[in-house]
Amino acid sequence: MGNIQVQFILNNEKISVKVSPGLTLLEFLRTEMGLTGAKDSCGGEGECGACTVILNGEAVNSCLVLIGQVDGHSVTTIEGLSVRGELHPVQKAFIEVGAIQCGFCTPGAVLASKALLDHVPDPDDDDIREALSGNMCRCTGYTKMVEAVHIAARELNNGK
Amino acid sequence: MVNNFQTVGKRVIRKDAMDKAIGKALYTADIKLENTLWASVFRSTCHAAEIINLDTSEAEKYPGVVKVVTAKDIPGKKSFGALVSDQPALAEDEVRHYGEPMAMVIARSQTTAEEALRLIKVDYLPLDPIFTPKEALTPDARQIHPGGNLLTKYDVENGNLVEGFSHSEIILEETFSVQRISPGYMEPENSLARWNADDSIMVWVSSQQPFHDQEIIASVLSLPLDRVQIISGVIGGAFGGKEDPSLCILAALASYLVKGTVRICNERKDSFLAHPKRHPAELSLKLGANKDGSIVALDAQVFMDTGAYASYGPAVGGLLTETVGGSYRIPNMRVQTSVVYTNSPLSGAMRGFGAPQSHFAIECMMDILAEKLGMDAIVIRQKNILHPGDQVFTRVVVNETANSLPRILTKFEEVYQRYSALPTKPGRLSGVGFACAAQTMGLGAKVPDSSTHRLTWLPDGTVRLHLGAPELGQGLATIAEQVIAEKLGIPYSLITTAELDTKTTPDGNVTCASRMTYLVGNAVSLAADNLIEQMLDHAIELTGKSRQDLRYESGYIIDNHDQHISAREVIAHLAERDITLQADGTASFPYPPESTPQHLPIGMPHVMFVFGGQIARVEVDPELGTVEVTHLTAIHDVGQVINRTGVEGQIEGGVAMGLGYALLEEMPIKPNGQWVNSFTEYLLPTAKDMPESLDILILEVPEKSGPFGAKGLAEICLVPTGPAIANAVCNATGKRIKHLPIKPEDLL
């Protein structure tokens, strides 16, 4: 099977690459682009959310997306979330409240939270738990993540 | 107690959080080296079989394959094991569990390696697999290992059991069983190894004990220890499961054989099949008590399935044995524990280390006893809890830490009232249940556990910590930095922690056993004291004053005329003369001979305890059988809090893990003969499974021998969760479920 040409926006930059069509977005990010913030935990089954990225504004498991499917679309990874070195409010809140322990699930959980706040600016506990329910964490029990998302929501809403 | 701590007890932000939040933290699988080859493992598809022939010739010829490795290629020791060296690095004559590594393909890419795996042919002579301890212990059972199927047997008695039961006014007998679960850390096992031109090897690991990995790799490769350098990547959780080598032996072997750089990563299914789990166990308890509720005697028979290889099975069996009596004073008691080999996936160390199993039994038993006697379940616990000065059945005397137990029970009373008054959703049944917990700290008597860490006061005024035991994600480095900052009286921001590298870091021993705050805290305190002494010695020369006219306080040398010189000035002055202030601190767990009973096997007894308790409210849907934990209050004595945020984080994570144990997680064999081996069928708790209300109450009964009075926490916070939920379910439904997890079909 020959390589395919894929053009898309990755972290606000247009890229054009020739890649094997069998590659998942996760594999592409980690091996071709050196963007290792997205992790593989469940073995590419879409169960754990450690590989979450934002595709056209929606949080998706990048292990379930073939590279050809992002052609013409826009992808944000954890490496592209902070703007000019300024952390996104979700990142700031995760750090400040202690929602990060081993950190392996953190990039995915941060992006899932960010996508939620883009759609639901003032979420309640249930909205947040629902949005994070695809992101497994074995360390934190999720409590401080939920707290962090509330804090980030307040900061984002105050900024408006 | 009023204290004026600057850093200890505060909420501090862990310094690795930033890199983790922006995706820059480098876990071992993220470390990129030039010309890295990939190794994939060929695993057994039999539960038990003799290997008649293993043919790798076709795989070797596959384009892109560099080498196929079998046991024959191992230059040194072919097997390993923390307590018993019974586990082959690669199986040669026999496989003892499904998924056991037999060979390894080293190739230019992962895809090539995986394709070549399919070309390996193996002729098995299948053997009848054995999956339960009872089966394994029948007289005519096939012997899984040459020494037989009984790996370890404990038989510990105190008092007089026969007399105890003859004096008991009520005797209860119940059998409880708990399931196999996975540590479920998010980062699967993986390793990266590089062969150097000077015939040494560097191995990156995700491990709880890099210094032990170093020894094992040296023995497998037949290399001197100083040719093996281990570096810890950022670790994505461990929970006991990374006490066993996490693929570093195979990565090192591959690298050695091809004289190159090789990466090896487990997928989740490999982690499930071939990495240690929490032991499934069956516990039969016979409990004798008086009608006033006081326990007179307890006789327990325990069978634990340790799987195909020993791992930490003997030690887990020991701690399970020690904790069967929970938090209670039981004058006549005997526990017989059999740790048994089977052809199941291996079980080993996991957070709690035997205590989650023992507590499910004893804490359900306490509720059953209360019910039989028509007593309140809190009152019956009040009657039997340990008090300072009481002896547990290993004859260890419990210290003041037991003062936390009455406080926990008082809190139960208050929360019980509150939870019982909450409205129940229509169509649901609600109930409240609770459980106490006792967990030990430390590795147990006669097990070497000294832990060394190094401090260097750098010319820029910062203090560099070489932490000799890995930070697993739980916040160990933060705790150590806080203790150092407090001892030196300088800001927390001035302490940094170096990457763990066996070449530059002293041996801090294994990170485990709820003992790191205690052990590392004490070790770095000693090192900090030493740094201060060194600085004062140098200040004599610098100031012309005598030693008794100088003192150190909060980053300053102060003389008898109240003249101050900052530590930073002293350090800068010394730097000009090429002098660096450096100190190692070593701490060991204390087992004073006068108070440590000596009649028990190695690893017993543990002499220091921590206590906790949890109370849960559940709602059960009687039509669906589903259980929702709506509220939970966790009460834990941690001694002096070091990092408040970290304490809460440990408890919240522990409750989630305990909730998974109670209601969701299990790794059984399926009707098709395959083990559950993915997160599709193995349900890890998600954000939606957590209680809508989770309250944490931290008790601070100081442990005098700990740093600033701190004690351990990591394990106990999941120990009471399972039985508390089971007791709440019984309270809601009237159904006493004696196994975990509690599933909908149990409640229909």
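Author: Ring pairs join Phe272(B), Phe679(B) and Tyr682(B) into a cluster. Rings of Phe, Tyr and Trp (its six-membered ring) pair if their centres lie within 6.5 Å; planes under 30 degrees apart count as stacked, over 60 as edge-to-face and the rest as tilted. The model is predicted: local features need pLDDT of at least 70, side-chain atom pairs count only at pLDDT 80 or more, and totals for chains, interfaces and linings use all residues. Residues are numbered from 1 along each chain as its sequence is written, chains are lettered from A and ligands numbered from 1 in the order in which they are written, and side-chain values use heavy atoms, with hydrogens and water left out.

Reader: How many aromatic pairs does a search of the whole structure find over all chains?

Author: The search finds 14. In one of them, the ring centres of Trp195(B) and Tyr256(B) are 5.5 Å apart and the planes stand at 85 degrees, so the pair is edge-to-face. Trp195(B) belongs to strand S11 and Tyr256(B) to helix H7, 61 residues apart. Helices (H or I, at least four residues) and strands (E, at least two) are DSSP runs, numbered from the N terminus.

Reader: Does Trp195(B) count as buried or exposed?

Author: Buried means under 20% relative accessible area, exposed over 50%, partly exposed in between (1.4 Å probe, protein chains only). Trp195(B), at 12%, therefore counts as buried, and Tyr256(B), at 19%, is likewise buried.

Reader: Which residue lies over the face of Tyr185(B)?

Author: A charge sits over a ring if NZ of Lys or CZ of Arg is within 6 Å of the ring centre and within 35 degrees of the ring normal. Here Lys242(B) lies over that face, 4.3 Å from the ring centre.
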